[in-house]
Amino acid sequence: MLLLKTLVVGVLFKAVIQLPKVAQGKDIDMGRNNITILTEGMLFKDVTNLTSLDLNNHKISTISSKAFSVDMSQLKDIPIFWLKKSVTKVMVNDFNKNGIWDVDDCRITAEKIISIGNIKGAQAKEVYKFYSENAPMYFHTATNLTEWLIADLNFRDDPNTRQLIHDYLETWFRVLDLDGDGVIDQHEFKVFWDAYGLDPNYMKHQFDYIDKDKDGLISCQELVKVYFDYFYNTEENANIFWGPLKDIIMI
Ligand SMILES: [Ca+2]
Ligand SMILES: [Ca+2]
Ligand SMILES: [Ca+2]
């Protein structure tokens, strides 16, 4: 099995080097859940799952996990940085590992926030209520990542949703402001960061990135601004709202 993996990955490396469209991403790190995009049609997360590779067509035809596969033919005009951010947020939020960010994941998030934040009673109920409601329709209906991403993009581009998202974020801010003093401090931010299982090495970077006025606290306005940037901005920057971006390798 090990030999097969070595062989397949060796072939993949060769293919990556030979193909003209190599872009984005640094390398294929076997120890992490990286994402690979095939311009021909698929995106998936873990190269150790590859079982065969059709070199003539530059296609990987068999993978044991299709959790994060994406039909790129339907996402051709998507800026790659936005795609990276979007897939990263889905992977971070996909607690039940079905390849999309769905309402079940939202409920699991609530449980994690409540547990890690040691939240009790009525406040815990509020957290659960927030995460159980408010999800856009495609959190209920999307059946795969391609559908989810297209719906997310449409949701983003709908002029009517901007205010909705703004209101949603204000409510979310109050949920994350555990002691209700109107700001998110480092302890409260750590509850958020840990609940999503994000890499602790990047927490301070992102806290400081959100804390634009450098008073050591995150205001509602600061949080909304940075979340909006993550969702709407396609230009590359240092915003890692959902933790470090997953590597994407275009072949
Ligand atoms: Ca899920
Ligand atoms: Ca607070
Ligand atoms: Ca601040």
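Lys 97 counts as exposed because it has 10 C-beta neighbours inside 10 Å (exposed means 12 or fewer other C-beta atoms within 10 Å of a residue's own, with C-beta atoms placed from the backbone). Its setting is the loop between helix H2 (80–93) and H3, where helices are DSSP runs of H or I with at least four residues, numbered from the N terminus. The phi of Lys 97 is near 55°, a positive value in a residue other than glycine. The model is a predicted one, in which local features need pLDDT of at least 70, side-chain atom pairs count only at pLDDT 80 or more, and totals for chains, interfaces and linings use all residues. Residues are numbered from 1 along each chain as its sequence is written, while chains are lettered from A and ligands numbered from 1 in the order in which they are written.

Turning to helix packing, Thr 109, Lys 112, Ile 113 and Ile 116 of H3 meet Val 191, Asp 194 and Ala 195 of H8, contact being C-beta atoms, placed from the backbone, within 7 Å. By class, this contact has 4 nonpolar, 1 polar and 2 charged residues (nonpolar: Ala, Val, Leu, Ile, Met, Phe, Trp, Tyr, Cys and Pro; charged: Asp, Glu, Lys and Arg; polar: the others, Gly among them).

The end C-alpha atoms of residues 164–199 lie 30 Å apart, and this span is 64% helix and 0% strand. For residues 203–233, the end C-alpha atoms are 21 Å apart, with 68% helix and 0% strand.

Definitions and conventions
Contact = placed C-beta atoms within 7 Å. Helix = DSSP H or I, 4+ residues; strand = E, 2+ residues; numbered from the N terminus. Buried ≥ 20, exposed ≤ 12 C-beta atoms within 10 Å, placed from the backbone.
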